[in-house]
Amino acid sequence: MQNLIDFLHFLRKKKIDELNEVQTDIQYIKEDASLVERRRMELYRARDKYLTKMQKQAGDLQEPKSWFSSSINKDNNDLKYASAKTHGGVPTGNFHHKDVDGKSQASSIVAQAREASSVLTSQHTSQSSLAVIRKKRVQSQFNDLQQCYLQKRRQLVNPSQNNDKKDADDMQREGYSSALSDFQSVLSTFTQYSRLRVIAELRHGELYHSANIVSSIEFDRDDELFATADVSRRIKVFNFSTIVNEPPEAHCPVVEIPTRSKLSCLSWNKHTKNHIASSDYEGTVFVWDVNTQQSVMEYEEHEKRVWSVDFSRIEPSMLVSGSDDCKVKIWCTRQESSAINIDMKANICCVKYNPGSSNHIAVGSVDHHIHYYDLRNTSHPLHVFSGHQKTVSYVKFLSNDELASASTDSTLRLWDVKHHLPVRTFRGHTNEKNFVGLSVNNDFLACGSETNEVYSYHKAISKPLTWHRFGTPNVDDSDEEPGSYFISAVCWKNDSPTLLAANSLGTIKVLVLAT
């Protein structure tokens, strides 16, 4: 009986807490709905006022012809009188051109008003159809969006003093809380895009040849060039503008660097534009000068294949590599041997510097974990992020505090490296055995799939934002099964909705997020 009464009391308390939370949720949903409705009506009134003004202007200009003609004739008579008075004689001169100019001006204003009115009307019609599409997108991801809104809104229940001030500033400026503004941004971005549109396509090598697999694709510091690494032992550098704007016959590399071994990864130096690092299957890390096509540094300490290499954004002379020999090595371009060596006891698949620090790196390995290190003390990681069920194949930073990871468990995960917390798991693509690429850009993540599709995600939503399927070639012309093609590398253009994606056949597409 004691156990039963304890259980019932605990259950009652739990349900009261849930009820209180729901009542609190309902209260600020009502408050936010009132704010948004008021703002929406203000925008409608402003639009209608402008439309009415333009229509009235168009109507007034067309109504009595005498409005312009009398005004212009009056101007003409006044000018004639003034001319006669000045010259002391009878008013003379032909002022017909003044009348023509006035009518022309009136006609121009009428046309502009009609055009503005027509544009606003067509925009209203277009927006109505877009609203239906966007409403469907919201409904399809309602649970994720609901969770995102409530999570942001509940964070304001016990805000810190700084957050209080920020929230007050936001309320004063827009009438919105910071949480509502943040969620509006998520919702707006999420509903803005519905597809990936192809704007250019590049064939990388011989069609249907297994050596065409593009293992890495990266933009340079200024997003003017991009480089590809593949298992055919060549680094190829392309001019992005040429690929997008010129016909296919002009899609040739501006630089081509032969290498000794199959390549696994590339990383452009974030400060020295012409320097790029590569890692290969023999365990060598190179730093190349793309202008001279010669190696600047060559590091051969790894004993097995090196899967990943990355330059530090903060300290351009530093780079990190990870290998199948279970070691992470920190290199400096000013010295020939490694500066730091970390023995991980597991094969390393990916390494990445924190963009805001030259002392912090993330390491993904076959032990299913992400190890986050402070290089000033490598005896133990700062934190080990657990959650993936299989090998961690990629790690990328969205910001100084946000880390994304990809795994062959067919998921991406988002982590808070500041507070050492899991944030979200993304599912939708298929990835069980291959390296399919991962790239991040502000609010967006992109990865490949073993279904020969490239997927994009919004960081606040666990399901795909959109995806694009690469065309399947004629099976008769290929030695491989149609289901064996996969996306092998992806890369966002910085601060842009443009994405590069390559597949195992060597096809590279330039895609852009579109409505």
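Are Phe444 and Trp492 buried or exposed? The first point takes up this matter, after a word on conventions. The model is predicted, so to read it: local features need pLDDT of at least 70, side-chain atom pairs count only at pLDDT 80 or more, and totals for chains, interfaces and linings use all residues. Residues are numbered from 1 along each chain as its sequence is written, and side-chain values use heavy atoms, with hydrogens and water left out.1. Phe444 and Trp492 are both buried, where buried means under 20% relative accessible area, exposed over 50% and partly exposed in between (1.4 Å probe, protein chains only). Their ring centres lie 6.0 Å apart with the planes at 40 degrees, so the pair is tilted. Rings of Phe, Tyr and Trp (its six-membered ring) pair if their centres lie within 6.5 Å; planes under 30 degrees apart count as stacked, over 60 as edge-to-face and the rest as tilted. Phe444 belongs to strand 23 and Trp492 to strand 26, so the pair ties together parts that are 48 residues apart in sequence. Helices (H or I, at least four residues) and strands (E, at least two) are DSSP runs, numbered from the N terminus.

1. A search of the whole structure gives 15 aromatic pairs. One of them, Phe226 with Phe238, is stacked, at 5.3 Å centre to centre and 20 degrees between the planes. Phe226 lies in strand 3 (residues 225–230) and Phe238 in strand 4 (residues 234–239), so this pair ties together parts 12 residues apart in sequence. Both Phe226 and Phe238 are buried. Ring pairs also link Phe219, Phe226, Phe238 and Phe240 into a cluster.

2. The largest nonpolar core holds 27 residues, of which Val454, Leu499 and Leu513 touch the most other members. Such a core is a set of buried Ala, Val, Leu, Ile, Met, Phe, Trp, Tyr and Cys residues joined through side-chain atoms within 4.5 Å. Among the elements that each supply at least two residues of this core are helix 1 (2–62), helix 4 (142–154), strand 23 (444–448) and strand 26 (487–492). A second, separate core of 15 residues includes Ala200, Ile217, Phe238 and Cys491.

3. Leu513 deserves a separate entry. Neighbours within four places in sequence aside, its contacts (heavy atoms within 4.5 Å) include Tyr193, Leu196, Phe444, Leu465, Trp492 and Pro497.

4. Helix 4 has 13 residues and reaches 18 Å from its first C-alpha to its last, close to the 18 Å expected at 1.5 Å a residue; the expected span is 1.5 Å times one less than the number of residues. Its buried residues are Asp144, Leu145, Cys148, Tyr149, Leu150 and Arg153.

5. Strand 16 (residues 370–374) is mostly covered, with 5 of its 5 residues buried. Ile370, Tyr372 and Asp374 point one way from this strand, and His371 and Tyr373 the other way. Strand 15 (residues 360–365) runs antiparallel to strand 16 and is joined to it by 5 bridges; two strands pair if DSSP finds at least two bridges between them. Tyr373 is the bridge partner of Ile361. The hairpin of strands 15 and 16 has 4 residues between the strands, and in it His368 takes a positive phi near 80 degrees. Strand 16 is also joined by 3 bridges to strand 17 (residues 383–385), again antiparallel, and His371 stands opposite Val384 there.

6. An open sheet of 4 strands has the order 6-7-8-9, with antiparallel pairing. Its edge strands, strand 6 (263–268) and strand 9 (294–299), each pair on one side only. Strand 8 (residues 285–289) is joined to strand 9 by 5 bridges, and Phe286 stands opposite Glu298 in strand 9.
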